[in-house]
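Let's take a walk through this structure together, starting with its surface and ending at a single side chain.

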Amino acid sequence: MSAPAHLPAPRTTAPDTRLHWWTLALPALAFGLLLLLLAGSGQAHAAAEEGSALVQVTHQLMRAVG
């Protein structure tokens, strides 16, 4: 008499398909920075004492990160 064949149990859990936070944050950040560059390019003039908006945003980001 032969033994019955044991089949593997069906998979009951779905694969983990959640996105990481940086998957959406990095493209949004890149889009925002490019939009800032485009918005500021129409007002090109000699460097002011306070610095450009891009420089200020970059400094704020660096302070927040580090």
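About 6,600 Å² of the protein is accessible surface, and 68% of that belongs to carbon and sulfur atoms; such areas come from the Shrake-Rupley method with a 1.4 Å probe, and for residues only the protein chains shown count as cover. This is a predicted model, in which local features need pLDDT of at least 70 and side-chain atom pairs count only at pLDDT 80 or more, while totals for chains, interfaces and linings use all residues. Residues are numbered from 1 along each chain as its sequence is written, and side-chain values use heavy atoms, leaving out hydrogens and water.

The protein has 2 helices and 0 strands, taken as DSSP runs numbered from the N terminus (helices: H or I, at least four residues; strands: E, at least two). Of its 66 residues, 0% are buried, where buried means under 20% relative accessible area, exposed over 50%, and partly exposed in between.

Now look for a nonpolar patch on the surface: Trp21, Trp22, Leu26, Leu29, Val57 and Leu61 form it, with about 620 Å² of accessible area together. Nonpolar side chains are joined into a patch within 5 Å, provided each residue has over 30% relative accessible area and no salt bridge (a side-chain nitrogen of Lys or Arg within 4 Å of a carboxyl oxygen of Asp or Glu). Helix 1 (21-41) and helix 2 (53-65) each supply at least two of the patch residues, with helix 1 giving the largest share, 4 residues.

Finally, follow helix 2 to Val57. Val57 counts as partly exposed because its relative accessibility is 32%. Leaving aside residues up to four places away in sequence, Val57 touches Leu33 and Leu36, contact meaning heavy atoms within 4.5 Å. Val57 and Leu33 are 24 residues apart along the chain, and their C-alpha atoms are separated by 9.0 Å.

Notes
Patches are made of residues with over 30% relative accessible area and no salt bridge: like charges are joined within 9 Å, nonpolar side chains (Val, Leu, Ile, Met, Phe, Trp, Tyr) within 5 Å. Buried means under 20% relative accessible area, exposed over 50%, partly exposed in between (1.4 Å probe, protein chains only).
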